[in-house]
Amino acid sequence: MTDRKDASLPRCMGHKSNDRGSESKADKAGTKPRPSYWKNRWVMLLLYGALTISDHIFWVSFWPITSRGKEFFGVSDTLVFMLSMIYIIVFIVFAPIAGQVVDHLGLRYGVLSAALFNFFGCLVKVIPAPFSLGGKSGYVFTFLGHILGGVAHSFILILPATLAQNWFDSKTRVLAQGLCSTLSQIGITTGVFLAPAIGYSKGRIALLLLLQFLGSIAILIIELIFFVGEAPVPPSSSIQRSANPPLPFPQYLSLRRLRNTLFTLLRIPGFFGTSLAFGVAKGAYYAIWVVLSLRDRMYDSESHSANVLLIYLFVGVLGTVVWCSIIDRTVLNHRSVNILIYCGFTVSLLLFCASLLMDNFALVGVSGAFMGFFGSAVSPCSIDLLVENTFPGPLALTSATALVIFQVCSLVFIWVNFEMTAVQKYAPGIFLSIAAAFSVPLLTGSENSHLRRRDYEARTGNVTNPQAAGQAPIHGIAANGAACTHFFIINKEGIAKTEQPEEKESETQTCEVLASRG
């Protein structure tokens, strides 16, 4: 908790405003940070990468060994499959709450919360081993552990935009988010190949769970010691505008506050349409991998899913760097780049399904490479576009809302594909390709061309002095206090003001930074 006099100052998320010793001469002068800062930001990215890779390995650990998990636990294939699906269900329920917590308590709190929940989840999964509790009892403990892992997953997926804002400047911000997305894909790929290598028999699954537990301990210790929530010198002037003040313990878990914030976000023009376009495109991609894996098992055909996943990953790294760098360097308009990415991803997905129909593995590999080149950039570029359009809104909650829509689309697509699999072998892939094609008109028809954060940084000269940058107006934003009287609102003149509540609040009551376009 900070002093009242400090709470009113613009600041970085999670930054202690009364710690004035952290301000360097470069900060006061509004110049670029020290060289050491540029090294540390990549260290923070790698620390986040270690967390997200381990989390995704835990997530998909039973996906490639469904039959062995069935033998080990003595349950059906569907129940083993639910060990992975529960992550998505928990994310849909918990991610908005996690977003609100991260926005008010800071990036470090989100990282440590994720590491802690993963540790407890892995601990629960190994509890049956000392007591020789196997079979269905072991499944219950594993399922409970995956629920806790789903909570950790809810924190991890929503953090890239906040990490990029707190540590990276406007020339590398989207690239940082893209690399975070790539690290997540590396985690999934590693889990798909690592699980069968370790749990190749019924008796080895216990070893797989033990190694996950030891890994979670190592990650928790590393993040606790080394991870820092924000740079000592703000990388951009917009970080003060996008920061939310900390709240007392009960208030940052308030469902009423969360509901009002979500309603305000959804009323911002273009937000829901862009989020839905992102959800449809990315949901179709995730669903097709699940369906292909199930198809391979159901029809005892040669499995190409793992090989195509590797192709997607390696080419996806190149695609992420190319498209994110184009946006960072402003070679093309942010919206135009997203439209190109969505069009390319949709065409490559259609080609992918056509190659499956022809049973042409060479063409499957080529189309998978094109899917990787375009699809790997969908998440970072879409989330950054939403952040630009909702600035100075809450970063983590904006990401969480879009990702929840994506996960809901994934569940819907997976369910429809289960129904269609009984009709025809390749019907699910055709359906997903057609569904993904609708993401293009959804994106182009949404009002998402307003780059408010970049406009603010351009007009402030990207000054990193908090007091100087905090006074600059934000153009094109009008007051919107209909949802909640406790919002910190930007009025039509671009001046920040605090709405007075109808009922008297405590002195520690703080407000949220939200605005919509006028």
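1. Ground rules. This is a predicted model, so to speak of local features I need pLDDT of at least 70, side-chain atom pairs count only at pLDDT 80 or more, and totals for chains, interfaces and linings use all residues. Residues are numbered from 1 along each chain as its sequence is written, and side-chain values use heavy atoms, with hydrogens and water left out.

2. H6 on H10. Helix H6 (residues 107-126) and helix H10 (residues 205-226) have axes that come within 8 Å and cross at roughly 155°. That makes the two roughly antiparallel (the label for angles over 145 degrees). Axes here are lines fitted to C-alpha atoms, over the stretch in contact for helices, with angles from 0 to 180 degrees between N-to-C directions. Helices are DSSP runs of H or I, at least four residues, numbered from the N terminus.

3. Who touches whom there. On the H6 side, the contact (heavy atoms within 4.5 Å) includes Leu112, Leu116, Phe119 and Leu123; H10 brings Leu209, Phe213, Ile217 and Leu220, among others. By class, the residues of this contact split into 14 nonpolar, 3 polar and 3 charged. Ala, Val, Leu, Ile, Met, Phe, Trp, Tyr, Cys and Pro count as nonpolar, Asp, Glu, Lys and Arg as charged, and the others, Gly among them, as polar.

4. The cavities. There are 7 cavities of 30 Å³ or more, a cavity being a set of points on a 1 Å grid over the protein atoms alone where a 1.4 Å probe fits but cannot get out. The largest cavity holds about 310 Å³, and of its 23 lining residues (an atom within 4 Å of a point), the closest to the centre are Leu157, Ser181, Ser184, Ser379 and Leu403. H9 gives the most to this lining, with 5 residues. The lining divides into 13 nonpolar, 9 polar and 1 charged.

5. A cis proline. Have a look at the bond from Phe391 to Pro392: the peptide is cis, with omega near 5°. Pro392 sits in the loop between H17 and H18.

6. H17 on H21. The axes of H17 and helix H21 (residues 452-460) come within 6 Å and cross at roughly 60°. The contact pairs Asp384, Val387, Glu388, Asn389 and Thr390 of H17 with Arg452, Arg453 and Arg454 of H21. Its residues are 1 nonpolar, 2 polar and 5 charged.

Methods. Parallel < 35°, antiparallel > 145°, perpendicular 65-115°, else oblique. 1 Å grid on protein atoms, 1.4 Å probe; cavity = no way out; pocket = protein on both sides within 12 Å on 5 of 7 lines; lining within 4 Å. Points joined across faces, edges and corners; volume = space filled by probe spheres on them.
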